[in-house]
Amino acid sequence: MNNSTRNRSTIKIREATVEDAPVLAEIYKYYVEDTAISFEYEAPDAEAFAGRMSDIRKRYPYFVAEEDGELLGYAYAHAFIDRAAYDWAAEVTIYIRSDQKCRGIGRTLYEVLEKALTLQGILDLYACIGVTEQEDEYLTNNSIFFHRHLGFIDAGMFPKSGNKFGRWYDMVWVLKNIGSHRDNPQPVKSFDEVRAEFGKMFHKKI
């Protein structure tokens, strides 16, 4: 058994609940206050974070990675653009606790998220990623390399579109196709509508 397999063996993925909000808000706070990975300037408190979670979970899946009762990271999907014609696309987001990187947690969260979204009828996944020509203490290009490794391709770049910590950063949209684009596609289902099927197929300890 290699180190990656051993490290992942005690980690489980489950649906997030609003009770997780205080811990998830703390995980996210690091990325807001200490990095340019998030382009937000002020981190939401637990109450605001819980509100965001509730809005997302009305339609989309939201998962956490947990080990021995500790939350290590989270991933979720939300509307790509809030117009009906974009229903078959979703934006995906992932954050891993800063001391838990390089354990395969991100890959596992995305694998579970992708399976759930496929059941819903989502065809395309998008992610919005900050990138930089010159890596610094606030931003490396690890995130875009991670997404490319998982099969995402670059879909568009917006140079110097974000300013944080007094520095300009580029933003790239990446895309992963997970379904066929047929004429007159079936309507996308909410995660509530596929939760039971998802649970039967994919609920397991990893």
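Me: Where do the axes of helix 2 and helix 3 run, how close do they come and at what angle do they cross?
Reply: This is a predicted model, to start with. In it, helix 2 covers residues 21-34 and helix 3 covers residues 46-57. Their axes come within 8 Å and cross at roughly 100°. Since angles of 65 to 115 degrees go down as roughly perpendicular, helix 2 is roughly perpendicular to helix 3.

Me: Which residues make that contact?
Reply: From helix 2 you have Ala21, Pro22, Leu24, Ala25 and Tyr28. Helix 3 brings Ala46, Phe49, Ala50, Arg52 and Met53.

Me: Staying on helix 2, is Lys29 buried, exposed or partly exposed?
Reply: Lys29, which sits in helix 2, is partly exposed, with a relative accessible area of 31%.

Me: What separation do the C-alpha atoms of Lys29 and Ala43 have?
Reply: 5.3 Å between the C-alpha atoms of Lys29 and Ala43, and the two residues are 14 apart along the chain.

Me: OK, other pair. How do helix 4 and helix 6 cross?
Reply: The axes of helix 4 (residues 105-120) and helix 6 (residues 191-202) come within 9 Å, crossing at roughly 125°. That makes helix 4 oblique to helix 6. The crossing is right-handed.

Me: Which residues meet there?
Reply: On the helix 4 side, Val112, Lys115, Ala116, Leu119 and Gln120. They meet Phe191, Val194, Glu197, Phe198, Met201 and Phe202 of helix 6. By class, the contact of helix 4 with helix 6 has eight nonpolar residues, one polar and two charged.

Me: Where's Ser190, then?
Reply: Ser190 is in the loop between strand 7 (167-177) and helix 6.

Me: Buried or exposed?
Reply: Buried: its relative accessibility is 16%, and the cut-off for buried is under 20%.

Me: Which residues does Ser190 touch, leaving aside its neighbours within four places in sequence?
Reply: Lys58, Arg59 and Gln120. Gln120 also turns up on the helix 4 side of the contact with helix 6.

Conventions: Residues are numbered from 1 along each chain as its sequence is written. This is a predicted model: local features need pLDDT of at least 70, side-chain atom pairs count only at pLDDT 80 or more; totals for chains, interfaces and linings use all residues. Side-chain values use heavy atoms; hydrogens and water are left out. Axes are lines fitted to C-alpha atoms, for helices over the stretch in contact, and angles run from 0 to 180 degrees between N-to-C directions. Helices (H or I, at least four residues) and strands (E, at least two) are DSSP runs, numbered from the N terminus. Angles under 35 degrees count as roughly parallel, over 145 as roughly antiparallel, 65 to 115 as roughly perpendicular and the rest as oblique. Contact means heavy atoms within 4.5 Å. A crossing is left-handed if the near helix is turned anticlockwise from the far one by less than a right angle, and right-handed if clockwise. Ala, Val, Leu, Ile, Met, Phe, Trp, Tyr, Cys and Pro count as nonpolar, Asp, Glu, Lys and Arg as charged, and the others, Gly among them, as polar. Buried means under 20% relative accessible area, exposed over 50%, partly exposed in between (1.4 Å probe, protein chains only).
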